[in-house]
Amino acid sequence: MNTNTMTQIENLIDADKVMDVRPIPCSIKHGLILRTWQELPVGDHFILLNDHDPVPLYYQFAAQWPGQFTWEHLVKGPEEFRVKITRLKEAAGTATTTPSSCGGH
């Protein structure tokens, strides 16, 4: 990951560990979220702030990293959705990150 990308990601997560992805285009949003999670230390978390329920992203996490994360809705709409995503352990194997769409959002 280059320095510019790291700076962009670091700027997306504020002091309260909130990653506001609402202004990010869907074409790159999932990739940024997945990379952010992969770079978290075990036991750490961030709070995903989105304008819709990130259900497709949850299924992507569940398929790629079963048992390696927790997914806790803190706010569930209608205007915003906040999900606390915690990394429970190191990812087994070399799962590749394949960004997907935002489910039509």
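The following legends describe close-up views of a predicted model.

**View 1. The hairpin of strands β3 and β4.** Strand β3 spans residues 69-76 and strand β4 spans residues 81-87. The two strands pair in the antiparallel sense, and 7 bridges join them. Across the pair, Trp 71 stands opposite Ile 85 of β4. The hairpin has 4 residues between its strands. Within this hairpin, Gly 77 adopts a positive phi near 70 degrees. The peptide bond that leads from Gly 77 to Pro 78 is cis, its omega being near 5 degrees. Pro 78 itself belongs to the loop between β3 and β4.

View 2. Leaving aside residues up to four places away in sequence, Phe 46 touches Ile 13, Lys 17, Met 19, Ile 33, Thr 36, Trp 37, Leu 40, Val 83, Lys 84 and Ile 85.

**View 3. Lys 17 and its salt bridge to Asp 44.** Lys 17 is placed in the loop between α1 (3-12) and β1 (18-20). Phi of Lys 17 is near 70 degrees, which is a positive value in a residue other than glycine. Lys 17 forms a salt bridge with Asp 44, and the closest N and O atoms of the pair are 2.2 Å apart. This pair links distant parts of the chain, as Asp 44 lies in the loop between α2 (26-38) and β2, 27 residues from Lys 17. The relative accessible area of Lys 17 is 29%, so the residue counts as partly exposed.

**View 4. A network of salt bridges that links Asp 20, Arg 22, Glu 80 and Arg 82.** The structure holds 5 salt bridges. In this network, Asp 20 forms a salt bridge with Arg 22, with the closest N and O atoms 2.8 Å apart. Arg 82 forms a salt bridge with Glu 80, for which the corresponding separation is 2.7 Å. Asp 20 is partly exposed at 24% relative accessibility, and Arg 22 is partly exposed at 36%. Arg 82 is partly exposed at 23% relative accessibility, and Glu 80 is likewise partly exposed, with a relative accessible area of 23%.

**View 5. The packing of helices α2 and α3.** Helix α3 comprises residues 55-64 and packs against α2 at an angle of about 45 degrees, with the helix axes 11 Å apart. The angle therefore makes α2 oblique to α3. The crossing of the two helices is right-handed. From α2, the residues His 30, Ile 33, Leu 34 and Trp 37 meet Leu 57, Gln 60, Phe 61 and Gln 64 of α3.

Key:
Residues are numbered from 1 along each chain as its sequence is written. This is a predicted model: local features need pLDDT of at least 70, side-chain atom pairs count only at pLDDT 80 or more; totals for chains, interfaces and linings use all residues. Side-chain values use heavy atoms; hydrogens and water are left out. Two strands pair if DSSP finds at least two bridges between them. Contact means heavy atoms within 4.5 Å. A salt bridge is a side-chain nitrogen of Lys or Arg within 4 Å of a carboxyl oxygen of Asp or Glu. Buried means under 20% relative accessible area, exposed over 50%, partly exposed in between (1.4 Å probe, protein chains only). Axes are lines fitted to C-alpha atoms, for helices over the stretch in contact, and angles run from 0 to 180 degrees between N-to-C directions. Angles under 35 degrees count as roughly parallel, over 145 as roughly antiparallel, 65 to 115 as roughly perpendicular and the rest as oblique. A crossing is left-handed if the near helix is turned anticlockwise from the far one by less than a right angle, and right-handed if clockwise.
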